[in-house]
Amino acid sequence: MSVSPSTWERIAARGGISPRKARTHGLIFIGAGLLIYLLFARAAAIGETSTFVLNFGGAAETAPVPDLVLPTAPTLYALALVCAFLGGWQLARGFRRPNLALGVITGLFIWAFLTWASRGQSFNLTGMLNSALLRAVPIALAALSGVICERCAVINIGIEGMMLTGAFTATLTASLALNLWGWPSWASMPFGLICALVAGAWMGLLLAILAVRFKVNQIIAGTAINILSVGITSFLSARILAHFQQLNNTGTLQPVPIPLLYRIPVIGPVIFEQNLLVYLLYILLVVTHIVLFHTRWGLRTRAVGEHPRAADTLGINVFRVRYVNVTIGGMVAALGGAFLILGSVGRFDELMTAGKGFIGLAAMIFGKWMPFGAFGAALIFGFADALQTKLAILEVPIPSQFLLMAPYLMTIIILAGVVGEAVPPAADGQPYEKQ
Amino acid sequence: MPPVLELRGITKAFPGVLANDHIHLTLEEGEVHALLGENGAGKTTLMNILYGLYSPDEGEIFIRGRRVEIREPGDAIALGIGMVHQHFMLVPVLTVTENVMLGVESVKHGFFLDRTSAARRIREISRQYGLQIDPDALVKTLPVGVQQRVEIIKLLYRQADILIMDEPTAVLTPQEVEELFKVIRSLADQGKSIIFITHKLKEVMAIADRITVLRNGRVVGTTTPSQTTEEQLASMMVGREVLLRVNKKPANPGETVLEVQNLEVLDDRGNLAVRGVSFEVRAGEVLGIAGVQGNGQTELVQALTGLRPLLGGRVRILGGEVTSAPPRRILERGVAHVPEDRQRDGLVLSFPVADNLVLNTYYLPPFARAGTLQQEVILTTAEQRAREFDIRTPSILTPVAHLSGGNQQKVIIAREFSRPIRLLIAAQPTRGLDVGSIEYIHQRILAKRDEGCAVLLVSPELDEVMSLSDRIAVMYEGRLMDILPADQATREEIGLLMAGVKKSENHKDTKTQRGIN
Ligand SMILES: Nc1ncnc2c1ncn2[C@@H]1O[C@H](COP(=O)(O)OP(=O)(O)O)[C@@H](O)[C@H]1O
Ligand SMILES: [Mg+2]
């Protein structure tokens, strides 16, 4: 091949992406700058300021961080210019890491949006990050459950139902222990948690039996579990919880600040002043990652997920790997449900998971079937969710339907752009037949 | 001293076939024992029984004189049996080390994978047996020849001393086959006992110490290369005299039928699989495309037949533009397609033979009138074609799934050849067929050529390409390395081209060197 590569090819080669994608990236960057200018900057009056509060009512209040006060219009013009400049750079020279640049642009765009939305007002940034994290936790647990199941090639559509079962079980057992047996709450809550985990394990085992042993279509098996869970929990909640209020009141876990770490300005109280279930999520993320990529069990799990026949010819028991993983996956999903109760509201409502199990599956995919990837995606979903409620409070002049929609739309666009194509485990969803 | 391995009276029936019928086989220490037989003779079944993947209906297995039960692969591995499967059993997204240690992982601190010590042992094995490998490479980035080395290392890592290799040469270039043979020799010299499965006569003569021939699930005989000839082995394998070469008249090329310019096509994963390919095929000639599987041939054929979108380039048939044309417009220009995967792309398996025979013409008279199928016409035509093309089927209403591979292929040939065609695109037309069917299909293809049809033949079987083609193009990593006249091309030259080496250049392409440290 003697053809000299065109400028485009060189730019694309620098970033390791196709020429068309390199060009699209550049145009998106410039477009973001233009949008900031047209939508936000021109709407800002001279002399207006946007105030970002960087504290929220937690233990860190002893050492408050001063508020961040930005002049609205100059900030927006500057952000628009930076985006346009980065776009020009991408088109002319090309970034070595174009996807990272896209992430930065997205961050800048959100910053611009918040600056505009909070012009003339104050906006509690730390408070919003805190609520983003809390909203992300159940999604992250659902996603983690998905990772654990799908890494060995069992699709778990039933996460939603498993969460619901976990939430109901935790409510009933923890309330029973607390209010009828008179246990102290330090005992009733772990008891509720353990019962939820046991219920989750049974749900996981049920899915495994259907999907692995009887080779039922996994989408159908998972859907059956969802329908079953909705039915049982709604029925029991109408029959029991509605009549005995003391069975629907668990109390909630209090935040436990981690010494020193919670004092880190701005993010300290967000990350390190949470209840124990949030810390349990952190631990689970690390453990899952280590097990998956650095232990015998993890290697076998991944092999079973990619090429079960190969694993079988090496004497690995494909069925056992799947049974164990899916059962654990059920427990993690139920933990997500228990968090909704013990870590959040303290009482059960019918259908209270409200699609978090499915959003968790989306987070799993965006996170490329990696524990921390899934957590990151869950954080973005949580952020979008929290942002949308905050904006409604700020009375931003955008129809509420769009407010509800926009963060998700943006999330999907960003994630599709930044993360790129996600490849599931090769055998995902296929039952294994011994020859 | 008892033999390392002895199989006694192994019998295994599948619904409708007796795949293994009282098979006896002995394997001596340090010997290379070739198991020769046509496709479907029962070789893989026998080895799967030995490896614990199937359980035999009858028969006993002895290892060093001791009777053993092998219920699952774990048992076989524990007895020192290792198998390189016909379809590789590697996990593409894992590294060489991870693939090799899978199932016998070494751990440190009782918990964490010890990749370092595993990689060290792989390097030792690699040195001891001359199997060059980079333990840290991802398997999916390795060429097939190197992947096969990984499979062999897997066995040695488990300290197997009975090695089974099921058709290991099917995916290799001639040079890679030679390298493999060297490795096999060195393994045998170091005391390993090897069962080498193949249906290729030349290989048996080159590598085997002893040869056992299987036919229809039975042992026909055991011999040694010095006591036999290729012709003798062929007739043992097939059960009758066979012609080992194709007789063909010199070609008489006419006008240009297919013209391809700078064709670029993406594969399923979005990688460039065909990179700027240009060639033409003329009436009355066979252009053969040789190359190891997976070098873009599949995508090329799919693009030419309208089954895959083009990224760039032009395709013209008889001067008419068919770039990005839908498949029906292409076939209506007189193009016949014998697809690579006949069961997936060539037939509707659950449909009867008769319906499969009109899949490309059912909407035209006389098979359809006023939008309704004319069943009678379809059936009488099917009867006629089944006779004409010697399709062995209980009835033309039998689902085509129940036919043998050879007869399925004849259904496709009958369908494609029974209308006026100007261009035949045949991808691996004899894949998995018995010698008799191969002969038949080769004759049919050459007859089409002699009628003045242009033929594009794509096949990874070098012998097939060399014996049928008038010109030979070699495809490597999506490019045509060269196009040679068939009467001047040598096996060595084509083999080198298949590995990405041009004589004048005399250096290897980087891809083939990846995975070698
Ligand atoms: N799992 C199976 N189920 C049904 N029939 C099979 C199966 N495996 C092989 N066969 C049949 O057994 C015969 C022998 O096949 P095989 O051992 O694969 O032959 P070879 O490896 O010699 O080509 C063939 O007729 C094949 O169709
Ligand atoms: Mg076979």
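## Salt bridges between chain A and chain B

In this predicted model, chain A and chain B are joined by 3 salt bridges, a salt bridge being a side-chain nitrogen of Lys or Arg within 4 Å of a carboxyl oxygen of Asp or Glu. In one salt bridge, the side chain of Arg296(A) meets that of Glu105(B), with an N to O distance of 3.6 Å. The side chains of Arg302(A) and Glu98(B) also meet in a salt bridge, at 3.6 Å from N to O. This pair crosses between chains: Arg302(A) lies in helix α11 of chain A, and Glu98(B) lies in helix α3 (residues 96–101) of chain B. Helices (H or I, at least four residues) and strands (E, at least two) are DSSP runs, numbered from the N terminus. Over all chains, the count by this rule is 32 salt bridges.

## Extent and composition of the interface

The contact (heavy atoms within 4.5 Å) draws on 21 residues from chain A and 29 residues from chain B. The two chains bury about 2,100 Å² between them, with 65% of it on carbon and sulfur atoms. Buried area is the accessible area (1.4 Å probe) that two parts lose on being put together, summed over both.

Across the interface of chain A and chain B, 6 residue pairs are in polar contact, both residues being at pLDDT 80 or more. A polar contact is a pair of N or O atoms within 3.5 Å; within protein, one must be able to donate a hydrogen and the other to accept it, and residues adjacent in sequence count only if both atoms are side-chain atoms. On the side of chain A that touches chain B, the elements giving two or more residues are α10 (276–294), α11 (296–306) and α12 (308–313) of chain A. The largest share of that side, 6 residues, comes from α11(A). By class, the side comprises 9 nonpolar, 6 polar and 6 charged residues, where Ala, Val, Leu, Ile, Met, Phe, Trp, Tyr, Cys and Pro count as nonpolar, Asp, Glu, Lys and Arg as charged, and the others, Gly among them, as polar.

## Domains of chain A

Chain A is assigned domain 1 (5–120) and domain 2 (130–418), with bounds from an automatic or database domain assignment. The centres of these domains, taken over C-alpha atoms, are separated by 32 Å.

## Backbone features of chain B

The peptide bond from Pro365(B) to Pro366(B) is cis, with omega near 5 degrees. Pro366(B) is placed in the loop between α12 (353–356) and β19 (368–369) of chain B. His22(B), although not a glycine, has a positive phi of about 45 degrees; His22(B) is in strand β2 (residues 17–27) of chain B.

## Conventions

Residues are numbered from 1 along each chain as its sequence is written, and chains are lettered from A and ligands numbered from 1 in the order in which they are written. In this predicted model, local features need pLDDT of at least 70, side-chain atom pairs count only at pLDDT 80 or more, and totals for chains, interfaces and linings use all residues, while side-chain values use heavy atoms, with hydrogens and water left out.
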